[in-house]
Amino acid sequence: MPTSAIPAEIVRAYDIRGTVPEQVDSGVAEQIGSAFAQWLLDRGAGAMVVGHDTRGSSSELYEAAIAGALSAGIDVDAAGLAPTPVIGWAVERHGLGGGLVVTASHNPPEFNGFKLLADGAQPLLPEEIQQVAGHGRRDGVGPGRRSEVDAVGPYLEMLNERFGGDADLRVAIDCGNGATTLTAPLALIDAGARLHAIRTAARPLQSDAADPQNPQTMRDLARVVRTIGADLGVGWDGDGDRIGVLDHLGQRYEADWLTAVLARPLLERRPDAAVLVDLKTSSSVIDDIRRRGGSPLTTRTGYSFFRRTMRESNISFGGETSGHIMFGPEYRRGEHAPWIDDGVYAACALLSYLSERGRSLAEEMSEIDPRPISPELRLPCSDGSKAAVAERIGEWFAKRYPAATVDRSDGARVQLADGWLHARASNTAPVLSVRFEAVDEPTYRRMAEQLRAALERHPEVTGAEQLEESPTIGPQPLI
């Protein structure tokens, strides 16, 4: 059994991840399984559940992680191939101490990694992942017990109980050959959809993984939507916790717009309900939530922070711009989700709402007033500099606009009279993340020039040419 600490270069803010086999191999997976099991045992856990995605390296890493966990003395429910949200639901449903998923989500095929969940299916915070990485070997313990379990079947039963019906919508879906091949087709058919599915075989990635935040990975689905005359299209990432949607014209919408639409059934029943969004969310979305009586609350970027905030504040619904859509208690009357972060659950909820309203996705989206907004720009910047640069960009704008407000909870989010911008240090790469929005295109161009001027003071940041890209204004035609 390995005794050394987990290599620091693969320890990220939200997960542990690296290239295979250069950074992640079966030996590292065994270390991680052991270290995480020890961390859970220290918290009083007695058992954990482990699953994996469809990557070619995942089965071997899965077995090694289980071996490490068992050697640490914890019992393991081995769930095999399963989407990340299914593993989280199993942790909650069975009252387990935690869960581990072998996955690299939407990263290219040469990557793999490990998502870690504590009790209550709570993702570990960055400092907790660091604690896990620091664990060494525990001596003098007996091996844990391994049990083979079906996590997917009971999850599908839950979805059918909540959303099974007669949605009667023609839906095109793209599972990306990922873990949602096990859940999405069956769940949407049970919901009443007339389905046309592509990439539904669970098999290793041959090229870039599905990533609904990246419009390029949605183009094939857009063509299918147009070809078959579908009412909408839905795609997911490799492990199933993020969603992307297209309307009947194959037009793509940003995930925060989907948050606005999915907030509506909650706000119709509870007009004063809180809706959690991240700091990169469009003001178009925030305004739409407010118009319906909702209370939009903002939190820092990162699904681990987001889900903790939802649970701690007992919030029924929220969504991140990355495509994580999260459902809590009483999102649907009398139902305890519990804080499910699942792209397939979101798709079922969307079909249910559209069917009840008798309206198209495009009609629902048309009620949001679009403004010019940038994509999330990822500007290369060293890990040692990116946080300081984000802070100084906030200071640059604050000095020139005394009436501006600056939220420093996650980098710097600057609210101006005619727009806003957000600069933050990426938690996953040596990158400065920037997004900005304005009331109209001339103002957007002016803000882009101001951002360029602010960045010129920081030669360690490259990629400023991204500021010249055209903004998104509402739906995005893909074909």
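Predicted model: local features only at pLDDT ≥ 70, side-chain atom pairs only at ≥ 80, totals over all residues.

Trainee: Then why is Phe327 called buried?

Mentor: Phe327 has a relative accessible area of 0%, and the cut-off is under 20%, so Phe327 counts as buried. Phe317, also at 0% relative accessibility, counts as buried by that rule.

Trainee: What makes the pair of Phe317 and Phe327 tilted?

Mentor: Ring centres have to lie within 6.5 Å for a pair, and planes under 30 degrees apart count as stacked, over 60 as edge-to-face and the rest as tilted. The centres of Phe317 and Phe327 are 5.4 Å apart and the planes are at 55°, so the pair is tilted. Phe317 lies in strand 14 and Phe327 in strand 15, so the pair ties together parts that are ten residues apart in sequence. Phe317 and Phe327 also belong to one aromatic cluster with Phe163, Tyr331 and Tyr345.

Trainee: How many aromatic pairs does the structure hold?

Mentor: There are 13 aromatic pairs. Among them is Trp89 with Tyr155.

Trainee: Why is the pair of Trp89 and Tyr155 called edge-to-face?

Mentor: The planes of Trp89 and Tyr155 are at 75° with centres 5.4 Å apart, and the cut-off for that label is over 60, so the pair is edge-to-face. Trp89 sits in helix 3 and Tyr155 in helix 5, so the pair ties together parts that are 66 residues apart in sequence.

Trainee: Are Trp89 and Tyr155 buried or exposed?

Mentor: Trp89 counts as buried because its relative accessibility is 12%, and Tyr155 counts as buried because its value is 1%.

Trainee: Which residues lie nearest the centre of the largest cavity?

Mentor: Pro85, Gly88, Trp89, Ala121 and Arg307, out of a lining of 13 residues. That cavity has a volume of about 100 Å³, and helix 3 gives the largest share of its lining, five residues. By type, the lining divides into seven nonpolar, two polar and four charged residues.

Trainee: One more: how do you know that the charged end of Arg300 sits over the ring of Phe305?

Mentor: CZ of Arg must be within 6 Å of the ring centre and within 35 degrees of the ring normal. The charged end of Arg300 is 3.8 Å from the centre of the Phe305 ring and is listed as sitting over that ring. Arg413 does likewise over Trp420, at 4.3 Å from the ring centre.

Terms used:
Residues numbered from 1 in each chain as written. Heavy atoms only, no water. 1 Å grid on protein atoms, 1.4 Å probe; cavity = no way out; pocket = protein on both sides within 12 Å on 5 of 7 lines; lining within 4 Å. Points joined across faces, edges and corners; volume = space filled by probe spheres on them. Helix = DSSP H or I, 4+ residues; strand = E, 2+ residues; numbered from the N terminus. Nonpolar A, V, L, I, M, F, W, Y, C, P; charged D, E, K, R; others polar. Phe/Tyr/Trp six-rings, centres within 6.5 Å; stacked < 30°, edge-to-face > 60°. Buried < 20%, exposed > 50% of the residue type's maximum accessible area, 1.4 Å probe, protein only.
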